[in-house]
Amino acid sequence: MARDVLTLGQIRIHSGSVSQEQAMKEAADILEAAGAVTGAYFDAMQQREVAVSTYMGNELAIPHGTNEMKDAILDSALSFVRYDGGVDWGGEHVSFVVGIAGKGDEHLEILSQIALLFSEDDEVAKLKAAQTPEELYQLLATVNNA
């Protein structure tokens, strides 16, 4: 990938909680603002969620679009939002919502980097303890090496 899939501007921390739909909308809006997806991508995320939950465990959800909506993806990018109040994700508690858009097969490598990070409880604890988006960005920098 020629450019970073995650920039500081694509990382947010919220002290409260939101609904699952609001969290997915924010993820899609960040990706759209980054120039990675069209406005149709949020609908694709909702369709994916109806088909199969994007809850991954360890307080992580990775909403993404369906294969049928690949034309809504303009470039590979991530959005990363931490909700300290949590999100009810189909009955599961989620603190981290990572929106993903991958051009071609690039999303597979990006997903593997996120999965590695969230497979370690110590790393998740560091992500929860980070006070600023800048601190989160430093902890997440490996995704740009995918």
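**Close-up views of helix α1 and its surroundings**

**View 1. Packing of helices α1 and α2.** Helices α1 and α2 pack with their axes 9 Å apart and at an angle of about 140 degrees. That angle makes α1 oblique to α2, and the crossing of the pair is right-handed. On the α1 side, the contact is made by Gln20, Glu21, Met24, Lys25, Ala27, Ala28 and Leu31. On the α2 side, Tyr41, Phe42, Met45, Gln46 and Glu49 take part. This view, like those that follow, shows a predicted model.

**View 2. Helix α1 and what covers it.** Helix α1 covers residues 20-33. It has 14 residues and reaches 20 Å from its first C-alpha to its last, close to the 20 Å expected at 1.5 Å a residue. The buried residues of the helix are Gln20, Ala23, Met24, Glu26, Ala27, Ala28, Ile30 and Leu31. What covers these buried residues includes the strands β1 (11-14), β4 (77-89) and β5 (92-101), as well as helix α2 (41-51). Just after α1, Gly35 takes a positive phi of about 80 degrees.

**View 3. Glu26, a buried glutamate in helix α1.** Glu26 is found in α1. Its relative accessibility is 14%, so Glu26 counts as buried, the limit being 20%. The side chain of Glu26 makes a polar contact with the side chain of Arg12, at 3.0 Å. Leaving aside neighbours within four places in sequence, Glu26 is in contact with Arg12, His14, Val81 and Tyr83.

**View 4. Leu31 and its contacts.** Leu31 also belongs to helix α1. With a relative accessibility of 0%, Leu31 counts as buried. When neighbours within four places in sequence are left aside, the contacts of Leu31 are Ala36, Val37, Tyr41, Met45, Ala77, Leu78, Ser79, Gly99, Ile100 and Ala101. Leu31 is 43 residues from Leu74 in sequence, and the two are 9.9 Å apart in space, C-alpha to C-alpha.

**View 5. Tyr41 on helix α2.** Tyr41 lies in α2 and is one of the residues of that helix that make the contact with α1. Tyr41 is buried, with a relative accessible area of 2%. Beyond neighbours within four places in sequence, Tyr41 is in contact with Leu31, His64, Gly65, Ala72, Ile73, Ile100 and Ala101. Tyr41 and Thr66 are 25 residues apart along the chain, and their C-alpha atoms are separated by 8.9 Å.

**View 6. Gln10, ahead of strand β1.** Gln10 is placed in the segment before β1. The residue is buried, at a relative accessible area of 6%. A polar atom of the Gln10 side chain lies 2.6 Å from the backbone oxygen of Leu78. Apart from neighbours within four places in sequence, Gln10 is in contact with Val5, Ile30, Ala34, Ala77, Leu78, Ser79 and Phe80. Among these, Ile30 is one of the buried residues of α1.

View 7. Gly102 has its place in the loop between β5 and α3 (106-118). At 4% relative accessibility, Gly102 counts as buried. With neighbours within four places in sequence set aside, Gly102 is in contact with Lys70, Ile73, Ser76 and His107. Gly102 and Ala36 are 66 residues apart in sequence, and the distance between them in space is 8.5 Å, C-alpha to C-alpha.

View 8. Most residues other than glycine have a negative phi. Asn58 has a positive phi of about 55 degrees although it is not a glycine. Glu59, not a glycine either, has a positive phi of about 65 degrees. Asn58 lies in the loop between β2 (55-57) and β3 (60-61), and Glu59 is found in the loop between β2 and β3. At 32% relative accessibility, Asn58 counts as partly exposed.

Terms used
Residues are numbered from 1 along each chain as its sequence is written. This is a predicted model: local features need pLDDT of at least 70, side-chain atom pairs count only at pLDDT 80 or more; totals for chains, interfaces and linings use all residues. Side-chain values use heavy atoms; hydrogens and water are left out. Helices (H or I, at least four residues) and strands (E, at least two) are DSSP runs, numbered from the N terminus. Buried means under 20% relative accessible area, exposed over 50%, partly exposed in between (1.4 Å probe, protein chains only). A polar contact is a pair of N or O atoms within 3.5 Å; within protein, one must be able to donate a hydrogen and the other to accept it, and residues adjacent in sequence count only if both atoms are side-chain atoms. Contact means heavy atoms within 4.5 Å. The expected span of a helix is 1.5 Å times one less than its number of residues. Axes are lines fitted to C-alpha atoms, for helices over the stretch in contact, and angles run from 0 to 180 degrees between N-to-C directions. Angles under 35 degrees count as roughly parallel, over 145 as roughly antiparallel, 65 to 115 as roughly perpendicular and the rest as oblique. A crossing is left-handed if the near helix is turned anticlockwise from the far one by less than a right angle, and right-handed if clockwise.
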